Amino acid sequence: MRGFIDCHCHISAQEFDKDIEDVIGKAKEAGVLALVAVAEHSGEFERIIELSDRFPGFVLPCLGVHPVQGIPPQEQRGATMQDLDAAVPLIEKYKDQLLAIGEVGLDFSPRFASTDTQREEQRLVLIRQAEIAKRLNLPLNVHSRSAGRPTINLLKEQEAEKVLLHAFDGKPSVALEGVKAGYFFSIPPSIVRSGQQKLVKQLPLEFMCLETDSPALGPEKQVRNEPRNILVSAEYIANVKGVSVEKVMEVTTQNALKLFPKLQKFLRV
């Protein structure tokens, strides 16, 4: 299968509202086969499902509760069980359409998790979503900012098997513990300017996927990122690993197919 899989993006973000057709068209021109579209809160679930219906076989929906909640101008805060309670009925409603549960995880940035109580609440939300994923036989699409080791340890404790750790900001040694557990790591275009370049050097290509996290984490700061920038990630990895972009495409797409078993069914190529 020739083409890229964007394993983690926010195509339902309002930044794409005005030109979604153009963004999707440019992604296809760049060789993108599918967008794994993640949610952050229950308020955008219907929008993601609507986009997956509008672009069938290309926008593949994931629903989940992100560890940081609050849409500007609301103040952002750590996720609570009440946030998850609002989301679960919709996850159940659309479960057969879902590629994965996500975006879920832990965010121990001081502004969201300055106390043990706040961190524990995030853990409880993640544990419950790991249980939902296991029951529905779906992978997890995971955020782990400032919480690499706690996230990986929790997922191992929960015996989560199919896991994508997106834009991992922890130490390479911690990431390699995830590799031992069979977890995959997706690399965004911001890798060209980030401090995580050692991660790409040390991670085996066989455990890497591509992502854009668009509209965030683009190659340039403060510029809207798009799925077509997946090529930036592929070219960077190819350069570091000393292989062709074609090889990176082939291996990361096969990794995505292993990680997301429903992908083959959803892809219409």
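Visitor: At roughly what angle do the axes of helix 3 and helix 4 cross?
Guide: Bear in mind that this is a predicted model. Helix 3 covers residues 81-93 and helix 4 covers residues 116-136. Their axes come within 10 Å, and the crossing angle is roughly 15°.

Visitor: Are helix 3 and helix 4 roughly parallel or roughly antiparallel?
Guide: The handedness of this crossing is right-handed. Angles under 35 degrees count as roughly parallel, and the axes here cross at roughly 15°. So the label for helix 3 against helix 4 is roughly parallel.

Visitor: How many nonpolar residues are in the contact of helix 3 with helix 4?
Guide: From helix 3, the residues taking part include Met81, Leu84, Val88 and Ile91. Helix 4 brings in, among them, Leu124, Val125, Ile132 and Leu136. By class, the contact has 5 charged residues, 2 polar ones and, for the class you asked about, 8 nonpolar.

Visitor: Moving on to helix 5 and helix 6, how close do their axes come?
Guide: Helix 5 is residues 148-157, and helix 6 is residues 172-180. The axes cross at roughly 15°, which means helix 5 is roughly parallel to helix 6. Their axes come within 9 Å.

Visitor: Is the crossing of helix 5 and helix 6 left-handed or right-handed?
Guide: On the helix 5 side, Gly148, Arg149, Ile152, Asn153 and Lys156 make the contact. They meet Val174, Ala175, Glu177 and Gly178 in helix 6. By class, that contact has 3 nonpolar, 3 polar and 3 charged residues. As for the handedness of the crossing, it is left-handed.

Visitor: Which residues does leucine 155 touch, beyond those up to four places away in sequence?
Guide: Leucine 155 lies in helix 5. Its relative accessible area is 0%, so leucine 155 is buried. Leaving out residues up to four places away in sequence, the ones leucine 155 touches are Leu140, Val142, Ala160, Val163, Leu165 and Tyr183.

Visitor: How far apart in space are valine 68 and phenylalanine 112, C-alpha to C-alpha?
Guide: Valine 68 sits in strand 4, residues 68-69, and counts as buried at 6% relative accessibility. Valine 68 and phenylalanine 112 are 44 residues apart in sequence, yet their C-alpha separation is 7.0 Å.

Visitor: How many disulfides does the structure hold?
Guide: Take cysteine 7, which is in no disulfide: the nearest cysteine sulfur, that of cysteine 209, is 4.2 Å away. A disulfide calls for sulfur atoms within 2.5 Å. For the structure, the number of disulfides is 0.

Visitor: Which cysteine has the closest sulfur to that of cysteine 62?
Guide: Cysteine 62 counts as buried because its relative accessibility is 0%. Cysteine 7 also counts as buried, at 0% relative accessibility. For cysteine 62, the closest cysteine sulfur is 8.9 Å away, too far for a bond, and the residue holding that sulfur is cysteine 9.

Visitor: What is omega near for the peptide bond from serine 214 to proline 215?
Guide: Proline 215 is placed in the loop between strand 10 (208-210) and helix 8 (230-241). The peptide bond from serine 214 to proline 215 is cis, and its omega is near 15°.

Visitor: Is leucine 217 buried or partly exposed?
Guide: Leucine 217 is found in the loop between strand 10 and helix 8. Although it is not a glycine, leucine 217 has a positive phi of about 55°. Its relative accessibility is 29%, so leucine 217 counts as partly exposed.

Visitor: What is the phi of serine 146?
Guide: Serine 146 has its place in the loop between strand 7 (140-145) and helix 5. At 45% relative accessibility, serine 146 counts as partly exposed. Serine 146 is not a glycine, but its phi is positive, at about 55°.

Conventions:
Residues numbered from 1 in each chain as written. Predicted model: local features only at pLDDT ≥ 70, side-chain atom pairs only at ≥ 80, totals over all residues. Heavy atoms only, no water. Axes fitted to C-alpha atoms, helices over the stretch in contact; angles between N-to-C directions. Helix = DSSP H or I, 4+ residues; strand = E, 2+ residues; numbered from the N terminus. Parallel < 35°, antiparallel > 145°, perpendicular 65-115°, else oblique. Left-handed = near helix turned anticlockwise from the far one by under 90°. Contact = heavy atoms within 4.5 Å. Nonpolar A, V, L, I, M, F, W, Y, C, P; charged D, E, K, R; others polar. Buried < 20%, exposed > 50% of the residue type's maximum accessible area, 1.4 Å probe, protein only.
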